[in-house]
Amino acid sequence: MQFIEHEKHVEVCLGLLEGVKNKNPKIVAASVETLTQALREFGTSVVQLMPLFKELPKLFQHRDKNVRNATKDFFVESYCWVGAGAVKSHLEKIPKIEQNIKECEEAWKDLPQKVFLFSFP
């Protein structure tokens with residue numbers, strides 16, 4: 001998190017994205033959890049969601065339960081930042097994860113969206 005604070009967020013996110021592709025489930029789960037925490041603390045201006053939306057939905061099919069739960073938590077947090085439409089459209093591209101989409105929708109019902117308005121001079 002300190003590297004992200006010191007404006008090395010691109011390198012950190014790329015490294016965590018590589019961790020998501022690892023064969024060890026503990027590394028994959030830790031990478032997804034760290035991405036979730038970074039998104040929660042720094043938002044979408046620091047954590048670019050498009051590359052993550054391409055890779056992370058595949059993890060709903062991972063054999064490890066912790067990886068699947070961490071992935072669900074990431075998409076629940078993503079919902080807070082970009083809304084259900086953007087998140088759901090990326091999830092629907094992956095076959096055989098309908099149950100995971102339903103679980104995310106259940107979690108989304110109780111969450112408010114984080115809306116940030118920026119004013120430009």
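Helices here are DSSP runs of H or I with at least four residues, strands are E runs of at least two, and both are numbered from the N terminus. On that basis the chain has 7 helices and 0 strands, and its elements run α-α-α-α-α-α-α from the N terminus on.

Some ground rules before going further. This is a predicted model, where local features need pLDDT of at least 70 and side-chain atom pairs count only at pLDDT 80 or more, while totals for chains, interfaces and linings use all residues. Residues are numbered from 1 along each chain as its sequence is written, and side-chain values use heavy atoms, with hydrogens and water left out.

**The chain as a whole**

Buried residues make up 39% of the 121 residues. "Buried" means under 20% relative accessible area, "exposed" means over 50%, and "partly exposed" sits in between (1.4 Å probe, protein chains only). The accessible surface comes to about 7,700 Å², and 53% of that belongs to carbon and sulfur atoms; areas come from the Shrake-Rupley method with a 1.4 Å probe. As for contacts (heavy atoms within 4.5 Å), take those between residues at least 6 apart in sequence: 67% of them join residues at least 24 apart.

**The core**

In soluble globular proteins, nonpolar side chains tend to be buried together. A nonpolar core is defined here as a set of buried Ala, Val, Leu, Ile, Met, Phe, Trp, Tyr and Cys residues joined through side-chain atoms within 4.5 Å. The largest one has 33 residues, and the members touching the most others are Val 47, Leu 52, Leu 56, Phe 74, Phe 75 and Leu 91. H2, H3, H4, H5, H6 and H7 each supply at least two residues of this core, with the largest share, 8 residues, coming from H5.

Phe 75 is worth a click in the viewer. Leaving aside neighbours within four places in sequence, Phe 75 is in contact with Phe 53, Leu 56, Pro 57, Phe 60, Val 87, Leu 91, Cys 104 and Trp 108.

Helix H2 (residues 9–20) has 12 residues and reaches 16 Å from first C-alpha to last, close to the 16 Å expected at 1.5 Å a residue; the expected span is 1.5 Å times one less than the number of residues. Its buried residues are Cys 13, Leu 16, Leu 17, Gly 19 and Val 20. These cover an arc of only 155° around the axis, which puts them on the same side of H2; the arc is that of the directions from the helix axis to the C-beta atoms. Cover for them includes helix H3 (25–42) and helix H4 (49–55). The face turned away carries the exposed residues Leu 14 and Glu 18.

H7 (98–108) has Asn 100, Ile 101, Cys 104 and Trp 108 buried. Those fall within an arc of 100° seen down the axis, so they line one face of the helix. They pack against H5 and H6, while Glu 98, Gln 99 and Lys 102 are exposed on the face turned away.

**Cysteines and a serine**

A search of the whole structure finds 0 disulfides, meaning pairs of cysteine sulfur atoms within 2.5 Å. Here are accessibilities for three residues:

| Residue | Relative accessibility | Class |
|---|---|---|
| Cys 13 | 14% | buried |
| Cys 80 | 5% | buried |
| Ser 89 | 33% | partly exposed |

Ser 89 is found in helix H6 (residues 84–91). The C-alpha atoms of Ser 89 and Phe 53 are separated by 9.7 Å, with the two residues 36 apart along the chain.
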